[in-house]
Amino acid sequence: MSGRKPIRWHIAVFLAPAVLVYTAIMIVPLFGTLNLSLFNQTPERTSEFVGLANFRTLFGDPRWSGAFWNALGNNAWFFVVHMLVQNPIGILLAALLSSPRLRMAAFYRTAIFIPTILSFVIVGFVWKLILSPIWGIAPGMLDVVGLKSLFAPWLGKEDYALTALALVSVWQFVGIPMMLIYAALLSIPDEVLEAAEMDGITGMSQFWKIKLPLILPSVGIISILTFVGNFNAFDLIYVAQGALAGPDFSTDILGTFLYRTFFGFQLQLGDPHMGATIATAMFGIILIGVCIYLFGIQTRLRRYQF
Amino acid sequence: MTTRTLRIALLTSTLLAGAAQAQDVTLTIESWRNDDLTIWQDTIIPAFEAQNPGIKVVFAPSAPAEYNAVLNSKLDAGSAGDLITCRPFDASLELYNKGKLADLTALAAMANFSPVAKSAWQTDDGTATFCVPMASVIHGFIYNADAFAQLGIEVPQTEAEFFAALDKIKADGTYIPMAMGTNDQWEAATMGYNNIGPNYWKGEEGRLALIKGEQTLTDPQWVAPFTQLARWKDYLGDGFEAQTYPDSQNLFTLGRAAIYPAGSWEISGFNTQAGFKMGAFPPPVAAAGDTCYISDHTDIALGLNAASPNADQAKVFLEWVGSPEFATLYANALPGFFSLNSTPVEMADPLAKEFVSWRDTCQSTIRSTYQILSRGTPNLENETWNASANVIKGTETPEAAAERLQAGLASWFAPQQ
């Protein structure tokens, strides 16, 4: 005859601070944004409820939708470059760093990680200078190796600007996947590797057959971090190309499109309602991407218990 | 005992000093002219403070490209300064309509300005003026006079002479013929399209006809500036696509380029940077003897934050900004910002005098995209940046660019539909 379980107040008490802070600075603004996107400004400068009319404008009006799909396409390419360049290089660097025969590993690790802690403003400005056709060292360095003809004002050409900026971003952030994978590689128990060696699996095949499957969950986490980071990106493009994301909007991503719309630019006045609509669309895109990962990929990843 | 007396004495003096400070009112000026910070701090503000004890003024500028966004956010949040530097036309009109800027029509100093000078900061019907006009900027070309002398080039009057001069500089190879890049886009529109354009669309005549819907952007006089811009491509430096505005300024002041499509606001910076003799010429006309038109753009004014707790002191400052004394001080401290005050201002800088002398020989107009036409989405001014940059790079033909601008304008502007 035991009584009902007492209500465990302490759980609520201990959770309360985090829940309150998170609600105040994340959940309330998020719903505020979603709410703002359902309103519009009347000519009398008051807000009126318009339902989904802003979304109809964003996806239906040829100008808005053209700008939106352009930004989304650029953003997708930005993400693809990161996935194809940043993450494989990060894994490669981590594999090299974890090799016991590498000397000065701590130095390389620090040197490669340092750009990550630099401000976007510095990174954008430094790379603009490096790539500048007038003062930059890029043309001179190419000249030294006899490849001057390959130089182009990359940041000013529609065809190259976005890829160039994506690679700058890769340069800056390659340290993060490297560190995460490095940590994952270090956590593989020596017994597993020794057992593999006993079975004659060494070198490259050991990496492909033993280590890579064991670090796949980390690779998954890195992919989703890259996805969220890239679709929220704004800073580097803004610093390097300005809010108009030139040349000819070829580097316009969702973040810069949102900024221009929400805050206005030069003679263009800000439109908080359309801005919130774009922000909501971005939120939806990221939510869908994360859900695909969580339910489609993460649940199928095999985990190994040691 | 002595320590105690000393303590009391110290305490009293602190309190008294605090009380004395509390009587001073500090006015903060919001501005995008961060280049002018030292001039405000060293010349303009001390002159005002000397005459008006008890009012302190702080000049707090932000970066030009961010100014509008920063200002709007600050005004909404209630943290903006007492005095607001006004962009011309709709950006400020919108602030006035939202009640963020106070009505200054009753200011006595308003009598010192002509209706044209005030037009950029008035309601459409002209009944209310909400900013005290400070200055206009004139567009033209600044050239390296030493380079011109060395190559034996006369200052070009007509378009043919202009391109002949560019060809000659290019053939010689010592100098980049023209210092301009398309990376930042706005130079292409402001120092390109709106600089040379008024000669084709005949200044105010064309600009007003566009607003009334009597002309369209696809008319020959509106496409012609683009056609000329497309020819500029061959005379710009290597890699101009990635050349930024500061790059262009440096190329010119380092003496590596011969001609710089300019706004007169460059004068004070160039005077300190350039080690050679400079001259200026207005946008060349099609044929010798044609009437010339210049862009004499009402650019900068000062308004009052409607929410300012120091409105009375701020009005004292605004009255002073509208006075001939301020006009003389400002125009000479910042050669290239030409006073809009009706009282003529004597200027010392030769380059500034050259620019302002065109007011006598040419017809003045303002930038075509600023009044009314940039009120909707897509924004004509911002679209013009993009179109001008594309045309110079050769990625869009002049006709296609004009057609795109016209379609964008017609999509929301009733007189053009």
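Trainee: What kind of model is it, and how are things numbered?

Mentor: It is a predicted model, in which local features need pLDDT of at least 70 and side-chain atom pairs count only at pLDDT 80 or more, while totals for chains, interfaces and linings use all residues. Residues are numbered from 1 along each chain as its sequence is written, and chains are lettered from A and ligands numbered from 1 in the order in which they are written.

Trainee: How many residues of chain A are in contact with chain B?

Mentor: On the chain A side there are 26, and they meet 31 residues of chain B. Two residues are in contact if their C-beta atoms, placed from the backbone, lie within 7 Å.

Trainee: Which elements of chain A give two or more residues to that side?

Mentor: Strand E3 (264-265) and strand E4 (268-269) of chain A. Helices (H or I, at least four residues) and strands (E, at least two) are DSSP runs, numbered from the N terminus.

Trainee: And how do the residues on that side divide?

Mentor: The chain A side has 13 nonpolar, eight polar and five charged residues. Ala, Val, Leu, Ile, Met, Phe, Trp, Tyr, Cys and Pro count as nonpolar, Asp, Glu, Lys and Arg as charged, and the others, Gly among them, as polar.

Trainee: Switching to chain B, what does the domain assignment give?

Mentor: Domain 1 (2-135 + 298-352) and domain 2 (138-296 + 364-416); such bounds come from an automatic or database domain assignment. Taken over C-alpha atoms, the centres of domain 1 and domain 2 of chain B are separated by 32 Å. The contact takes 13 residues from domain 1 of chain B and 14 residues from domain 2 of chain B.

Trainee: Back to chain A. How do the axes of H10 and H13 cross?

Mentor: Helix H10 (residues 203-231) and helix H13 (residues 272-297) of chain A have axes that come within 10 Å and cross at roughly 170 degrees. That makes H10(A) roughly antiparallel to H13(A). Axes are lines fitted to C-alpha atoms, for helices over the stretch in contact, and angles run from 0 to 180 degrees between N-to-C directions. Angles under 35 degrees count as roughly parallel, over 145 as roughly antiparallel, 65 to 115 as roughly perpendicular and the rest as oblique.

Trainee: Which residues meet there?

Mentor: Among them, Ile224(A) and Phe227(A) are in H10(A), and Ile286(A) and Val290(A) are in H13(A). By class, the contact has 10 nonpolar, two polar and no charged residues.

Trainee: What about H4 and H8 of chain A?

Mentor: The axes of helix H4 (residues 105-117) and helix H8 (residues 175-186) of chain A come within 8 Å and cross at roughly 130 degrees. H4(A) and H8(A) are therefore oblique to each other.

Trainee: Is Phe78(A) buried or exposed?

Mentor: Phe78(A) counts as buried, because it has 24 C-beta neighbours inside 10 Å. A residue is buried if 20 or more other C-beta atoms lie within 10 Å of its own, exposed if 12 or fewer, and partly exposed in between; C-beta atoms are placed from the backbone. Phe78(A) sits in helix H3 (residues 62-97) of chain A. Among the residues that Phe78(A) touches are Leu162(A) and Ala233(A).

Trainee: How many residues has the largest nonpolar core?

Mentor: That core has 158 residues, and those with the most contacts inside it are Met178(B) and Ala257(B). A nonpolar core is a set of buried Ala, Val, Leu, Ile, Met, Phe, Trp, Tyr and Cys residues joined through C-beta atoms within 7 Å. Strand E4 (residues 131-144) of chain B gives the most to this core, with nine residues.

Trainee: What is phi for Phe249(A)?

Mentor: Phe249(A) has a positive phi of about 60 degrees although it is not a glycine. Phe249(A) is in the loop between H11 and H12 of chain A, and it counts as partly exposed, with 19 C-beta neighbours inside 10 Å.

Terms used:
Lists of a residue's contacts leave out its neighbours within four places in sequence.
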